[in-house]
Structures are given as structure tokens and as C-alpha cells.
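In these notebook entries I record what I looked up in one protein model. I began with pairs of charged side chains and then turned to rings, strands and the core.

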Amino acid sequence: MSLSRGGAGWLLVSGCASSYHPWDGAKGYQDQPLGDQTYAISYSAEKGTAWAVLDGYLQQRCETLLGQQAVSVTDITHRIHGNVAQSDMATSAPARIGGGEMGGNFSSPGLSQHGVLFKLRVAEGVCSPL
């Protein structure tokens with residue numbers, strides 16, 4: 001699969017939760033130079049983001065890197081990537097300890113570390129001038 005855009009332009013409409021932004025440690029675009037005006041580019045987003053949207057983000061990143069609209073994104077691949085984040089989770093509710101009818105103290109809820117699996121969509125390709 002490949003995307004190309006000359007001077008005519010293109011339009012992509014989709015309802016997704018993702019927005020175009022740099023890599024933030026979990027989602028966004030990344031790039032690495034491969035040679036003179038050639039880059040490996042990728043974009044990671046929420047699993048609900050359409051592949052066409054991710055491909056559009058690859059195109060947008062390529063245009064930005066090369067400073068022109070006449071670019072080509074080739075060798076596009078799509079994959080689902082699992083990313084585990086650690087988080088604290090309450091393991092119990094506050095409990096009243098001691099006292100009579102309405103007296104006593106409340107204990108704090110217990111906290112436990114747990115992993116949360118996030119599934120992300122990743123589109124990758126090679127960016128170069130037309």
C-alpha cells in the first residue's frame with residue numbers, strides 16, 4: 001500500500017478520538033532518517049482510530065519532514081501493539097474500625113499496583129520525495 005500527494009491536495013474525513021501530535025511516550029508520530037531525504041515514519045493511536053486516519057497522519061508527517069507536498073509514503077504496514085501501564089488501584093473500601101453505633105474511625109482503602117493493557121494501532125512507512 002502507498003500514499004502519494006501532488007499539488008492537488010486530498011481530504012480525509014473520519015470520526016476518531018485521535019489527533020495529530022508528536023510522540024508522547026505512548027502515542028503520536030515518530031521518525032528516523034534512513035538517508036538523504038528518506039525517513040522511516042510511524043504513528044501510534046488508540047485502537048478505535050481508523051487505519052485511513054493513521055495513513056493520513058503518515059502523509060502529514062512526511063510533508064512536514066520534507067517541507068513539501070509532493071511526497072510519497074510507501075511500504076505502509078499496520079499492526080496492533082499492546083502497551084502495559086502500571087497503575088494504583090483501590091483494593092478495598094473504607095471501613096469503620098472500633099467505636100459503637102456511630103463512633104470509631106475509618107480505615108483508608110488499600111492500594112495495589114496492577115498493569116493495564118492498552119491496545120494501540122500503529123501505522124509505519126517510508127517517506128521520500130516524489
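**Entry 1**

I looked up Asp-31 and found a relative accessible area of 31%, so Asp-31 is partly exposed. On this scale, buried means under 20% relative accessible area, exposed means over 50%, and partly exposed lies in between, with a 1.4 Å probe and protein chains only. The model is predicted, so local features need pLDDT of at least 70 and side-chain atom pairs count only at pLDDT 80 or more, while totals for chains, interfaces and linings use all residues. Residues are numbered from 1 along each chain as its sequence is written, and side-chain values use heavy atoms, with hydrogens and water left out.

Which residue forms a salt bridge with Asp-31? The partner is Arg-61, and the closest N and O atoms of the pair are 2.8 Å apart. A salt bridge here is a side-chain nitrogen of Lys or Arg within 4 Å of a carboxyl oxygen of Asp or Glu. Asp-31 belongs to strand E2 and Arg-61 to helix H1 (residues 51-66), so the pair ties together parts that are 30 residues apart in sequence. Helices (H or I, at least four residues) and strands (E, at least two) are DSSP runs, numbered from the N terminus. Is Arg-61 buried or exposed? I noted 13% relative accessibility, so Arg-61 counts as buried.

**Entry 2: the other salt bridges**

How many salt bridges does the structure hold? I found three. I kept a general point beside this count: side chains of opposite charge can pair when their charged atoms come close.

Glu-46 forms a salt bridge with Lys-27, and their closest N and O atoms are 2.9 Å apart. This pair links distant parts of the chain, for Glu-46 is in strand E3 (residues 38-46) and Lys-27 is in the loop between strand E1 (3-5) and strand E2 (28-35), 19 residues apart. Glu-46 is partly exposed at 25% relative accessibility, and Lys-27 is partly exposed at 23%.

Arg-79 forms a salt bridge with Glu-124, with the closest N and O atoms 3.4 Å apart. Here too distant parts of the chain are linked: Arg-79 is in strand E4 (residues 71-90) and Glu-124 in strand E7 (residues 111-129), 45 residues apart. Both ends are partly exposed, Arg-79 at 36% and Glu-124 at 27%.

**Entry 3: aromatic rings**

I next counted the aromatic pairs, and the structure holds four. Rings of Phe, Tyr and Trp (its six-membered ring) pair if their centres lie within 6.5 Å; planes under 30 degrees apart count as stacked, over 60 as edge-to-face and the rest as tilted.

The ring centres of Tyr-20 and Tyr-43 are 6.1 Å apart and their planes stand at 15 degrees, so this pair is stacked. Tyr-20 lies in the loop between E1 and E2 and Tyr-43 in strand E3, so parts that are 23 residues apart in sequence are tied together. Tyr-20 is partly exposed at 24%, whereas Tyr-43 is buried at 0%.

Tyr-20 also forms a tilted pair with Tyr-57, at 5.6 Å centre to centre and 55 degrees between the planes. Tyr-57 lies in helix H1 and Tyr-20 in the loop between E1 and E2, so this pair ties together parts that are 37 residues apart in sequence. Tyr-57 counts as buried, at 11% relative accessibility. Ring pairs link Tyr-20, Tyr-29, Tyr-43 and Tyr-57 into a cluster.

**Entry 4: strands E2 and E3**

Over how many bridges do E2 and E3 pair? They pair in the antiparallel sense over seven bridges; two strands count as paired if DSSP finds at least two bridges between them. Ser-44 in E3 is the bridge partner of Gly-28. The hairpin of E2 and E3 has two residues between the strands, and Gln-37 takes a positive phi near 55 degrees there.

**Entry 5: the nonpolar core**

Of its 16 residues, Ile-41, Tyr-43, Leu-58 and Cys-62 touch the most other members. E3, H1, E4 and E7 each supply at least two residues of this core, and H1 gives the most, with six.

Notes: A nonpolar core is a set of buried Ala, Val, Leu, Ile, Met, Phe, Trp, Tyr and Cys residues joined through side-chain atoms within 4.5 Å.
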